[in-house]
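Have the viewer open as you read.

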Amino acid sequence: MFLRAFWSPDEGYLATEARMLAAGGTLYGDVVDRKPPLLPWLYQGAFQVFGPVSLWPLRVLALAALLVTALLVASVARRRWGGSAGTVAGVFCVLLSTGLAPEDTQAATFEVFMLPATAAAFWLADRRLWGAAGVATAAAAMVKQTGGAVLLPILWMLYRTRGGGRARGLLRLALGCVLPVLALALLTGPGNFLFWVVSGSGDYAALDGAWLTALGRAAGNAGILAAAGLVLVLAVARRPRASLREDGDLWIWFGGSVLGVMTGLHFFGHYYLQLVPPLALLGTAALVRLGGRWTRTAVVWTAAASAVFLVLGLVSPTTDVTRARAVAAAIDARTTPRQSVLVWGMHPEIYWLADRTPASRYLTAGLLTNFAGGRDGRGVGVARGMAGAWTVFEQELRSRPPELIVDDSRGAPYAPDHIAPLAALLARQYREVGTVGGAILYQLTPGSG
C-alpha cells in the first residue's frame, strides 16, 4: 500500500477533488463525481490535518478499514459457530482482500472504505439492532452506492424475525437508512445530490461496443478472486444443499454483492472486494461442517495466494507513476501555482502531482464524453457526456482559459480529433509546445486569454 504515490486513477481523482474542497470548493458544484460524498470528505479532512502532499494517512485509514471489516466478520462467525470459527473467518477476510491485482486491493478507494460499513450493517442486523443497521447501510451506500446491497440480507433477517416486532423493526430500519441520506442530500443540495449520486449515470452503464471486453474482465476478475479462495469455494461446493439451507442470509448477502459488482457493467477488479466478507463467512461455515483438515488446507492455500499478490505489488511496474510524475513536472515547469491547467484524459492524479488548479470541475474526459476503460468509440462523444456538462465546461474555459492544456488521450476515442469543440479551442487559442510521456502540451497563445 505504501510503496507508491498512487495505485489507481481513483486515488488521483479523490486527491485532486479533496485538494479543491480543502481550498474552499463545494462538492457537486466546484468539483463533481458520480459518487456519494463521504469518501471525498474523508480525503479532504485528512488533507486538512496532514497536508495534501502524500496519501499515507489515507493508506493507514484503509488498513484500519480492512481490519475493522475482518473483526466484524470474525464476530459474526464467532456468534454462529464458535470462537475458532471467528478467528478463521477474520483471517480469510484479511487474506481474500488481497486476492486481486495490487492496483485493485492496495489503493485507498471506495470499496475498501465501504466494507466496514457493510460488515457493520450485517453485524448489527444479526443482533436485531435494526435502526443502527439502517444507519450503517446508509453509511455504506454513501461511500459507494452499491454498498446499499447489504440491505437485502438485512430485510431477509427482519422477515425471519419471530414475534410482533417485525413492523417496528422495519420502521427503525427505514428511518436509519433514509434520514442520513436525506441529511446529506440537504447538505449538498437535493438537486445536485440526486443527479450526481442517483440519476446522472445512465449512459455510463451502457456498454456500446464493449460487451466482449466487459465479459472478459468479469470472468477474469471473478476467476482471480475464486483462485485466491479456491479451497473455500470447493468447501462450499462440497455440501451446497446444507449451505443453502443453513446460511440463507449469507447467500443473500453474497448475491446482493454480486449485483453490486454487476452495477455499471464494467466489472473492474476493485468492484469484487465487495464479495469478500460474505465469501469469507460462507467459506467458514462450510469448513465448520467439513472439519479441521479442510480448514488447515484452506488457510495455507489462501495465505499462499495472498503472499503471491503482495509480491506482485512489490515487483509490478511503476511505469504509470513515472509517466504521471514526468507530465506533472512538465506542467510545473510551464505554469505558475496561480495558473489553471486542463488535463484532457483519465489520469487526474496529474493535477495532484503538479499541484495545479484544474480549469474545470470535470476532472476527467470520461464525464464529458462517457468514456470508460474498454469502451470503443461507439459510446463516446460530446453527445454522450453528462447532461449539460459541455455547456458548463465551455463556460468555464471561456471565463478562465487554462494556461496549459495537456492532451493525455494518447489515441483514445475521446482524443481532440474526435471532439470538435476541444479541437476548435486548441486551434483558436493554443499552440503546441512539446510532448512528454505521450501527452501533448498546448500553451495559451499570448493575448488570447
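The report below goes from ring pairs to charges over rings and then to a strand and its partners.

This is a predicted model, so to speak of local features a pLDDT of at least 70 is needed, side-chain atom pairs count only at pLDDT 80 or more, and totals for chains, interfaces and linings use all residues. Residues are numbered from 1 along each chain as its sequence is written, and side-chain values use heavy atoms, with hydrogens and water left out.

**Aromatic pairs**

A pair of aromatic rings is described by the distance of the centres and the angle of the planes. Here, rings of Phe, Tyr and Trp (its six-membered ring) pair if their centres lie within 6.5 Å; planes under 30 degrees apart count as stacked, over 60 as edge-to-face and the rest as tilted. Searching the whole structure gives 13 aromatic pairs. Two of them are set out here.

| Pair | Centre to centre | Angle between planes | Kind |
|---|---|---|---|
| Trp251 and Phe254 | 6.1 Å | 85° | edge-to-face |
| Phe268 and Tyr271 | 5.6 Å | 85° | edge-to-face |

Trp251 and Phe254 are about one helical turn apart, because they are three residues apart in helix α14 (residues 248-262). Helices (H or I, at least four residues) and strands (E, at least two) are DSSP runs, numbered from the N terminus. Trp251 has 28% relative accessibility and so counts as partly exposed. Buried means under 20% relative accessible area, exposed over 50%, and partly exposed in between (1.4 Å probe, protein chains only). Phe268 and Tyr271 are both buried. Elsewhere, ring pairs join Trp344, Phe371, Trp390, Phe393 and Tyr414 into a cluster.

**Charges over rings**

A charge sits over a ring if NZ of Lys or CZ of Arg is within 6 Å of the ring centre and within 35 degrees of the ring normal. Tyr271 has the charged end of Lys144 over its ring, 3.8 Å from the centre. Lys35 lies over the face of Phe110, 5.0 Å from the ring centre.

**Strand β1**

In strand β1 (residues 340-344), five of five residues are buried. Ser340, Leu342 and Trp344 cover one side, with Val341 and Val343 on the other. Two strands pair if DSSP finds at least two bridges between them. β1 pairs in the parallel sense with strand β2 (residues 357-358) over two bridges, and with strand β3 (residues 404-407), also parallel, over four bridges. Val341 stands opposite Pro358 in β2, while its bridge partner in β3 is Leu404.
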